[in-house]
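Welcome! Please take a moment to look over the sequence and the model shown here.

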Amino acid sequence: MSIQTNMGNYAGRAAADRTLRGCTVLATALAIIPLVLIIGYVTVIGGSSLSVDFFTQTYKPPVPVDSGGEIDPTTGLPSDFGGVTLDPATGLPIEAPVGEALPAQDIQSSGGVLHGIVGTIMVTFLALLISLPVGVMAGIFLAEYPSNSLATFIRFCSDVLSGAPSIVVGVVGFTLIVQRFQTYSGLAGAVALTFLMVPTIARTTEEILKLVPNATREAAMAMGAPQWYSTLTVIVPTALSGIATGALLAFARGAGETAPLLLTIQGNSNLSANLLEPIAALPLLTYKYIESPFPAENQLAWGTAFVLMMLVIGVNLLVRVVTSRIKGAM
Amino acid sequence: MADVKAAPRAASSSWARQTQHGDTIFWLFTLLFALLIVGLVVAVGIVTYNGSAEVRERYGWSFLWQTEWNPVETELSPATFGAWPAIRGTLLSSFFALLLAGPIGVAIGIFLAELCPLRIKQPLGFMVELLAAIPSVIYGLWGVAVFGPFFTQYIATPVSDTIGQLIPWLAGPVASGRGLALASIVIALMVLPTVAAITRDVLMAVPNSQREVLLSLGATRWEVIWLAVLPYARAGIIGGVMLGLGRALGETMAATMLIGNSTRIEGSLFLPATTSASLIASELTNANDTLHESALIAIALVLFCITLLLNMAARYLVWQTSRGPAGARA
């Protein structure tokens with residue numbers, strides 16, 4: 001034991017104490033910097049790119065696709081690319097290079113991400129509809145019945161699901177739905193998200209139900225209510241706001257998932273509300289637009305990231321408020 | 001209203017008789033939904049197992065360590081599928097990410113649980129939880145747009161130009177900067193909040209008597225942490241780090257966006273590589289044939305098995321600490 005051998009050397013021990021405690025502070029500060037930077041960048045760049053158009057428009061190409069020029073019958077190419085004249089022999093621009101004629105910085109896309117918002121809400125909502133009954137009932141099972149080895153096993157399975165790589169879940173959605181029906185669809189995305197949302201809902205439901213004091217259960221029993229009746233009419237209603245925030249938490253998690261959607265809903269540049277067809281989603285737009293050479297589209301990527309981040313922060317704040325209120329009320 | 005009516009009716013024998021099986025039925029009902037969670041885990045296993053049948057038949061176990069991944073059949077090189085580039089990338093990126101995030105995350109956890117002034121404890125803890133919930137595509141976005149260019153210009157290029165001349169795994173030429181090093185750093189940032197939050201939770205579960213005993217012997221704050229708190233919580237902390245590892249292994253979006261997605265095995269950390277998750281994400285939706293698809297699904301199966309084993313080990317360790325003094329003896 002170092003504490004015994006060093007007992008006399010208090011100055012040395014105090015120095016070691018200060019140094020090592022300083023190290024943890026340093027580590028925290030070091031980690032906080034990039035994490036604050038991430039939130040800061042998304043808030044500043046993303047927040048500034050929000051506008052009415054952002055929420056009400058769908059994708060618009062940042063450069064006019066139809067240049068308006070005539071098609072040269074000999075080359076099959078348009079003779080005019082937005083003011084650039086092409087050499088009919090080589091098909092290359094004669095005068096100004098493309099970069100000069102179309103300075104990328106000046107191109108402002110007036111497009112928005114309405115299609116992504118609609119797609120994310122539809123897919124995630126469908127996934128929530130599927131996973132809510134499963135998660136809540138499983139949560140009731142875990143909280144209201146004795147915690148035996150079966151419950152432990154189910155809890156473990158729920159942990160495995162919530163820890164499973166989201167891409168694996170995407171592969172399952174791809175194999176189960178996309179391959180079978182030969183089309184990418186919002187439905188496949190919802191099925192994939194279900195795998196990730198069920199454990200979240202089950203876990204939060206269980207934890208919230210365990211916060212309901214036993215006196216409430218005993219009171220219901222004293223009135224002669226069987227357990228199922230008291231669970232459904234007394235305990236679940238007491239914890240309802242908590243269960244609802246659990247569902248919101250799952251919604252926020254599902255809305256931010258990108259990898260499973262990449263394999264299942266594929267994305268769509270047009271506004272579509274058909275869950276049986278490829279559909280757009282916000283995280284996919286972030287992924288797609290940030291690699292785009294057009295600053296206007298990069299702006300859209302930041303804006304979408306901002307919306308997703310606000311969703312996560314808002315839901316987490318709400319969960320905090322509701323949980324502390326439930327704890328306080330009891 | 002229902003509650004008011006329930007009490008007198010419960011007393012009457014006919015209602016009691018009608019509902020005498022209610023508890024059993026309700027229990028079975030919740031059990032059914034709870035077992036659905038087990039079913040989802042089994043479904044992931046079965047779907048990926050069946051989906052990978054073709055490649056398992058063709059290559060057997062050697063699929064795991066073959067180094068050629070060539071999905072495109074040409075006259076010179078036949079299509080071959082070996083998972084090693086992907087598995088190697090996953091292992092290396094997770095290893096480096098954990099090397100960075102493990103110690104720093106544990107230090108943050110110690111700071112949050114033991115040393116942090118009460119005034120900032122709540123907000124800081126909440127921020128850590130929030131960061132763990134931010135969608136990975138946002139980390140990827142920040143990596144692509146902000147950190148990537150910075151890393152390439154100020155870290156990767158100078159390092160590869162100087163030390164890289166001597167040490168082959170830091171060698172250039174740094175082109176886009178996207179590669180193992182960049183991806184590992186951003187994945188480390190994502191894993192950090194997970195490790196920190198779990199370490200904090202485990203440390204807060206350590207009973208105060210542990211600390212008081214050492215304080216009464218005249219130990220400094222750090223000696224209390226080092227000799228009384230950390231040994232008690234060791235198993236739980238290792239469990240938390242392993243859960244972080246699970247997150248790093250399965251991380252898809254940040255890896256896909258930052259690692260460069262090249263299935264060639266390169267010696268240098270600054271050159272493009274791939275991970276299992278990013279290989280699936282980038283190739284499954286445009287796979288050439290069923291063999292290619294089946295090879296990607298087999299990689300998903302491997303990934304799922306690894307995370308399953310990790311989860312088992314990690315949950316066991318966390319459970320052992322929260323169970324009580326057994327962790328102190330470990």
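What follows is a short tour of the interface, the confidence and one arginine.

## About the model

This is a predicted model, in which local features need pLDDT of at least 70, side-chain atom pairs count only at pLDDT 80 or more, and totals for chains, interfaces and linings use all residues. Residues are numbered from 1 along each chain as its sequence is written, chains are lettered from A and ligands numbered from 1 in the order in which they are written, and side-chain values use heavy atoms, leaving out hydrogens and water.

## Where the chains meet

Chain B brings 81 residues into contact with 85 residues of chain A (contact means heavy atoms within 4.5 Å). About 7700 Å² is buried between them, 81% of it from carbon and sulfur atoms; this is the accessible area (1.4 Å probe) that two parts lose on being put together, summed over both.

Three salt bridges cross the interface (a side-chain nitrogen of Lys or Arg within 4 Å of a carboxyl oxygen of Asp or Glu). B:Glu223 and A:Arg13 form a salt bridge at 2.8 Å, N to O.

## Confidence in chain A

The average pLDDT of chain A is 79, and 81% of the residues score at least 70; pLDDT is the predictor's confidence in each residue, from 0 to 100. Over residues 96-106 of chain A, pLDDT is below 50. Where pLDDT is low, the predicted coordinates should not be read in detail.

## A look at B:Arg200

Is B:Arg200 buried or exposed? B:Arg200 counts as buried because its relative accessibility is 10% (buried means under 20% relative accessible area, exposed over 50%, partly exposed in between, with a 1.4 Å probe and protein chains only). Leaving aside neighbours within four places in sequence, the contacts of B:Arg200 include B:Gly109 and B:Glu129.
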